[in-house]
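Hi everyone, thanks for making time. I'd like to walk you through a structure that may be new to you. Have a look at it first, and then we'll talk.

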Amino acid sequence: MIGEHSSKQYDNELEAIRSKVLLMGGIVETQFLDAMTCFRIGNAERADRVMREDDAVNQLEVSLDDACSHLIVRRQPAANDLRTIMATIKVITDLERIGDEATKIARTAKQLHARGAVTVNHYEMVRGIANNTSDLLHDALDAFARNDGKQALQLIAQDAVIDHEFRSIMRNLITFMMEDPRTISAALDTLWVAKAIERIGDHAKNIAEYVIYVVEGKDIRHTKTIPLPDDVPAQAE
């Protein structure tokens, strides 16, 4: 009975941590969407809110790291449970960095609009990569919430699409700057935003990889070939 009670209490503590991680994920997801709205229409108040929310994200990172550390010390979890906690700690780190990138986008958008630069065409240039990255982040958090390794595995290839989009944006912006030096300032701002979006995609992919690590016990980071289950179609290059 004592062992059963201890196990139930551990499960409750771990679930409380996961719930707070998902709360943190919801905050950074909203940060990203609000930051992109700032870049599109220019809204200094909303940009400031995005930057203020970064403080809340940072505080969650600290408290969650502390909770995970205490859980390891108190419960001394076995291999599978320890793997879950370690992966959760890594997810927390990636979420905090997503918040940092969203803050960069909001700050850049605020500065760009304050200078009176025209941004409509520049927003259109990053709209596609922003939408794809937003979808990847949302789906990665969903896979984490449900411990869905199959869904997580399907997400990995999406990051390659985002990387390809970033390279295309970078080439186009370089061309604009070479053809018309007056566009350099706004083009550089757009490039910083595109790079921040690409980095958010990297962190979202990391979250999907940690889900696979928890569910399958396989660390697929830095592997060139990602094995797909039989019922998942291979992604085209």
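Let me begin with a term: I'll say salt bridge when a side-chain nitrogen of Lys or Arg is within 4 Å of a carboxyl oxygen of Asp or Glu. Please keep in mind that this is a predicted model.

By that rule, the count comes to 14 salt bridges. A case to start with is glutamate 209, which forms a salt bridge with lysine 205, with the closest N and O atoms 4.0 Å apart. Both of these residues lie in helix α6, four residues apart, about one turn of the helix. Are the two partners buried or partly exposed? Glutamate 209 is buried, with a relative accessible area of 5%, and lysine 205 is partly exposed, at 21%.

Take arginine 75 and glutamate 13, a salt bridge whose closest N and O atoms are 2.7 Å apart. Arginine 75 belongs to helix α2 and glutamate 13 to helix α1, so this pair ties together parts that are 62 residues apart in sequence. Arginine 75 is partly exposed, with a relative accessible area of 23%. There is also a network here: salt bridges that share partners join Glu13, Arg74 and Arg75.

Next, look at lysine 110 and aspartate 48, whose side chains meet in a salt bridge of 2.7 Å, N to O. Lysine 110 lies in helix α3 and aspartate 48 in helix α2, so here too the pair ties together parts 62 residues apart in sequence. Both ends are partly exposed: lysine 110 has a relative accessible area of 33%, and aspartate 48 has 26%.

Now, which charged residue is buried yet has no salt bridge? That is glutamate 29, in helix α1. The nearest side chain of opposite charge to glutamate 29 is arginine 146, and that is 13 Å away. Glutamate 29 does have a polar contact of 2.8 Å with the side chain of histidine 138. Apart from neighbours within four places in sequence, glutamate 29 is in contact with Leu137, His138 and Leu141.

Let's turn to the nonpolar side of things. In soluble globular proteins, nonpolar side chains tend to be buried together. In this model, the largest nonpolar core has 65 residues, and Met36, Leu95, Ile105, Val126 and Ile197 have the most contacts inside it. Helices α1, α2, α3, α4, α5 and α6 each supply at least two residues of this core. Which helix gives the largest share? It is α6, with 14 residues. For a close-up, valine 126 touches Met36, Phe39, Ile169, Thr190, Ala194 and Ile197, leaving out residues up to four places away in sequence.

Finally, let's follow α2 from end to end. At its start, a side-chain oxygen of asparagine 43 reaches to within 3.2 Å of the backbone nitrogen of glutamate 45. The helix α2 has 32 residues and spans 47 Å from its first C-alpha to its last, close to the 46 Å expected at 1.5 Å a residue. Its buried residues include Ala47, Val50, Met51, Leu60 and Leu71, and also Asp54 and Glu61. After α2 comes glutamine 76, with a positive phi near 45 degrees.

Definitions and conventions: Residues are numbered from 1 along each chain as its sequence is written. This is a predicted model: local features need pLDDT of at least 70, side-chain atom pairs count only at pLDDT 80 or more; totals for chains, interfaces and linings use all residues. Side-chain values use heavy atoms; hydrogens and water are left out. A nonpolar core is a set of buried Ala, Val, Leu, Ile, Met, Phe, Trp, Tyr and Cys residues joined through side-chain atoms within 4.5 Å. Buried means under 20% relative accessible area, exposed over 50%, partly exposed in between (1.4 Å probe, protein chains only). Contact means heavy atoms within 4.5 Å. The expected span of a helix is 1.5 Å times one less than its number of residues. A polar contact is a pair of N or O atoms within 3.5 Å; within protein, one must be able to donate a hydrogen and the other to accept it, and residues adjacent in sequence count only if both atoms are side-chain atoms. Lys and Arg count as positive and Asp and Glu as negative; His and the chain ends are not counted.
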